[in-house]
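Please keep the sequence and the structure in view while reading.

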Amino acid sequence: MAKVPDLFEDLKNCYSENEEYSSDIDHLSLNQKSFYDASYEPLPGDGMDKLMPLSTSKTSKTSRLNFKESVVVAAANGKILKKRRLSLNQFITDDDLEAIANDTEEEIIKPRSATYSFQSNMKYNFMRVINHQCILNDARNQSIIRDPSGQYLMAAVLNNLDEAVKFDMAAYTSNDDSQLPVTLRISETRLFVSAQNEDEPVLLKELPETPKTIKDETSLLFFWEKHGNMDYFKSAAHPKLFIATRQEKLVHMAPGLPSVTDFQILENQS
């Protein structure tokens, strides 16, 4: 079984081939070969889903693990399911390995991509309105207007910006200081922009007042990002989607091209 070197722990113990390292703590003299010279072997088919020590030699009935080597459980696809750190010079047998593999209380390595789950448990608190009666123009110089039915939004090139929809943008706070969540309300109304699934038109949701706290209604929240002179509104409910425009389509949610997700905020000049 091939040894995976732990650079933070083993480098100080491995100098070069046939060099001896004398510990001042336990006075152990070790003849350790550099891991660069290790002979790596492919993982045997019957080794999947079993717990094995990370070592350059095959495990005997009783194996001695040094320098807090890791013991892991690997799935058939190579994914590590469990891990355990072993103490210095701890003896471990094949029976011990089997017990670790079957221990339901053993540490489970969870995937790190839990962003959406984390955000779904977030609570967002109203801070203040940061933009009054602002206009959103996309990268094609189209302004956001109401569609003829009044239920949706669309983009059009305007000669008179008074025809554009005016938005009040309210900022919220959360535990994540790296992003700025905002709501977009059509000025002088109770209609809030609400994100939907990809390619679906955004909805105008009527609320009795500006929410003081948002926890479950994250479709109302957008993470406002600014890159250069362009502004982007990423959905809190659908983190890969942005408010977008496209010719002959209503304002909708999209990850990017062919839809346009770049906007400029034109502040009220009055």
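Lys234 has a relative accessibility of 16% and therefore counts as buried, a word that here means under 20% relative accessible area, with exposed meaning over 50% and partly exposed in between (1.4 Å probe, protein chains only). The model is a predicted one, in which local features need pLDDT of at least 70 and side-chain atom pairs count only at pLDDT 80 or more, while totals for chains, interfaces and linings use all residues. Residues are numbered from 1 along each chain as its sequence is written, and side-chain values use heavy atoms, with hydrogens and water left out.

Lys234 belongs to strand β17, where strands (E, at least two residues) and helices (H or I, at least four) are DSSP runs numbered from the N terminus. Setting aside residues up to four places away in sequence, Lys234 touches Gln179, Leu221, Phe222, Phe223, Glu225, Pro239, Leu241 and Phe242, contact being heavy atoms within 4.5 Å. In the loop between β17 and β18 lies Ala236.

| Residue | Relative accessibility |
|---|---|
| Lys234 | 16% |
| Ala236 | 5% |

The largest nonpolar core contains 24 residues, and those with the most contacts inside it are Leu153, Phe167, Val193, Phe233 and Ile243; such a core is a set of buried Ala, Val, Leu, Ile, Met, Phe, Trp, Tyr and Cys residues joined through side-chain atoms within 4.5 Å. At least two residues of this core come from each of β8, β10, β11, β12, β13 and β20, and β12 gives the largest share, 3 residues.

Strands β8 and β20 run antiparallel and are joined by 4 bridges, two strands being paired if DSSP finds at least two bridges between them. Within this pairing, Leu136 stands opposite Ile265.

Leu136 and Phe263 are also among the residues that line the largest cavity, together with others including Phe167 and Ile243. A cavity is a set of points on a 1 Å grid over the protein atoms alone where a 1.4 Å probe fits but cannot get out, and lining residues have an atom within 4 Å of a point. The largest cavity holds about 40 Å³ of space, a volume being the space filled by probe spheres set on the points, which are joined across faces, edges and corners.

How values were computed
1 Å grid on protein atoms, 1.4 Å probe; cavity = no way out; pocket = protein on both sides within 12 Å on 5 of 7 lines; lining within 4 Å.
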